[in-house]
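Student: I have a structure open and would like to learn how to read it. Could you take me through some features, one at a time?

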Amino acid sequence: MRNLLTLLSLALWCGCAGSTTPRTLFNVRESGAVGDGKTKDTASIQAALDQCAAAGGGTVVVPAGDYLTGSLDVKSHTTLRIEKDAALVGSPDLDDYPIVKGRWEGRWIDAHRALVSAHKADHIAVVGPGTIAGDLTIGNRQMPRRPCVIELIECQDVRLEGFTAKQKRMWTIHPTYCENVVVKNVTIRSIGGNSDGVDVDSCKHVVIEGCDIESGDDCIAIKSGRGMEAVREGRPTEDVVIRDCTFSDNIFACIGVGSETSGGIRGVHIEHCTFKQAKTYAVYIKSRPGRGAYIEDISGNDLNVQTSTNGFLRINLLNSGLQDAEPVLGDEGIPTAKNYRFTNIRVNCGTLVNAVAISPVKPLNGLSLLNITGTCAKGITLANIDGVELHGIQVTGFSGPLLGTNNVSGTGLDGAVSIPPTAAGPPVVPATGSNAVGRATGNPPTREAP
């Protein structure tokens with residue numbers, strides 16, 4: 001599958017970059033855009049995008065200048081090319097971002113449309129080397145949900161390449177219900193809580209390659225919806241390759257898998273990446289009872305974790321994220337987890353691996369940690385896991401035991417000390433009352449459990 005995605009990436013590149021002829025170029029200046037950073041150019045840029053779509057496709061060119069704009073709608077067979085020294089600058093006026101339906105923390109809600117948006121479009125691209133900058137004054141969690149920089153919903157064959165994106169207190173790039181997506185050589189700079197870099201939400205066949213992401217929150221988050229709404233929709237995230245990227249986050253994890261996982265997550269492969277700074281964990285796999293579905297076939301190979309405050313890897317399937325108002329009840333609501341494999345890892349971190357927040361009712365089936373070197377403050381703690389494989393763990397600097405376990409089976413466990421058992425927690429039962437969120441387990445809402 002990864003070879004297929006490589007071919008897909010090249011095909012998208014060749015197809016979008018090589019098919020343009022002079023009569024399929026649409027310059028936003030010719031449509032009236034000024035690019036002085038003061039005049040709102042929304043209507044002029046949208047006119048160029050509409051002309052391009054009416055002509056059957058082509059490239060909309062944004063030449064040098066600062067183009068103040070509200071939300072833009074990209075249609076099928078369109079490439080939006082932002083030239084060197086050009087910037088799309090988000091308007092500070094929320095009225096310039098129409099209200100649509102968008103995903104937020106796993107649920108469909110009223111949301112302001114993104115600065116660059118597309119809905120049910122195919123063969124689209126946004127390419128650099130210019131900049132797309134969300135307005136830094138409007139990004140926060142108030143409702144309706146604030147606009148992303150780029151949001152793509154139910155799109156096919158998407159290429160995002162070679163530009164810089166800036167954002168504050170809101171997700172930067174958010175594909176939802178998309179297939180065949182390539183995010184390549186994109187630089188992301190975001191600040192503040194909830195300012196994730198790329199959130200992959202119920203998508204299939206995604207490549208994130210050669211990107212440089214410094215984010216206020218998760219650099220990359222893999223999601224698939226929350227609660228019974230997502231279970232009924234049945235839209236998993238599958239086949240995601242993250243490779244040759246550099247990450248630095250200032251609030252949470254560099255790569256987060258979850259915590260909205262109710263549609264299922266399968267086949268996330270992280271390769272040849274550098275984690276310059278992780279505020280909590282470099283890789284965090286997270287969910288909770290009430291989500292249901294599965295998180296399986298997660299792997300990392302050739303990862304360089306330069307600084308990670310809390311640690312390299314955390315697996316928390318018991319108490320991460322908000323409980324849904326309509327959770328998946330009983331044992332069915334406990335996520336199924338299997339086949340996690342991390343090999344050839346170099347670390348300078350706090351805890352090497354923290355994988356104890358796993359339900360004894362549904363243990364993790366398969367965890368391999370192979371050829372890990374470097375320094376860490378604490379070792380590995382594991383609970384409720386079958387099929388563990390540990391080999392080549394050569395780390396120094398830790399205090400206490402290297403390995404602590406409870407209810408764990410597998411190989412490479414010699415010398416492990418016993419740690420306290422992990423409780424399954426209360427069963428998930430129907431919520432009651434007007435404030436259902438967080439009440440399904442009797443616990444208050446919590447965004448994450450670091």
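Tutor: Let's begin in the strands: Lys168 stands opposite Ile191 in β18. Before we go on, this is a predicted model, in which local features need pLDDT of at least 70 and side-chain atom pairs count only at pLDDT 80 or more, while totals for chains, interfaces and linings use all residues. Residues are numbered from 1 along each chain as its sequence is written, and side-chain values use heavy atoms, with hydrogens and water left out.

Student: What counts as a strand, and when do two strands pair?

Tutor: Strands (E, at least two residues) are DSSP runs, numbered from the N terminus. Two strands pair if DSSP finds at least two bridges between them. Here β15 and β18 (residues 187–191) pair in the parallel sense over five bridges.

Student: In which sense do β12 and β15 pair, and over how many bridges?

Tutor: They pair in the parallel sense, over three bridges. Within that pairing, Ala133 has Lys166 in β15 as its bridge partner.

Student: Which residues make up the covered face of β15, and which the uncovered one?

Tutor: Ala165 and Gln167 form the covered face, whereas Thr164, Lys166 and Lys168 form the uncovered one.

Student: Where does Arg169 lie, and what is its phi?

Tutor: Arg169 is in the loop between β15 (164–168) and β16 (173–176), and its phi is near 55 degrees, a positive value. Tyr177 has a positive phi too, near 60 degrees, and belongs to the loop between β16 and β17 (179–184).

Student: Are Arg169 and Tyr177 buried or partly exposed?

Tutor: Buried means under 20% relative accessible area, exposed over 50%, and partly exposed in between (1.4 Å probe, protein chains only). Arg169 counts as partly exposed because its relative accessibility is 39%. Tyr177, at 10%, is therefore buried.

Student: How is empty space inside a protein found?

Tutor: Rolling a probe the size of a water molecule over the atoms shows where empty space is left. A cavity is a set of points, on a 1 Å grid over the protein atoms alone, where a 1.4 Å probe fits but cannot get out; its lining residues have an atom within 4 Å of a point. This structure has three cavities of 30 Å³ or more. Of the 12 residues that line the second largest cavity, the closest to its centre are Gly134, Asp135, Ile138, Pro147 and Gln167.

Student: How many disulfides does the search find?

Tutor: A disulfide is a covalent bond between the sulfur atoms of two cysteines. The test is a pair of cysteine sulfur atoms within 2.5 Å, and a search of the whole structure finds zero. For Cys254, the nearest cysteine sulfur is that of Cys219, 4.4 Å away. Cys254 counts as buried because its relative accessibility is 0%. For Cys273, the nearest cysteine sulfur belongs to Cys245, 4.8 Å away. Cys273 is buried as well, with a relative accessible area of 2%.

Technical notes:
Helix = DSSP H or I, 4+ residues; strand = E, 2+ residues; numbered from the N terminus. 1 Å grid on protein atoms, 1.4 Å probe; cavity = no way out; pocket = protein on both sides within 12 Å on 5 of 7 lines; lining within 4 Å. Points joined across faces, edges and corners; volume = space filled by probe spheres on them.
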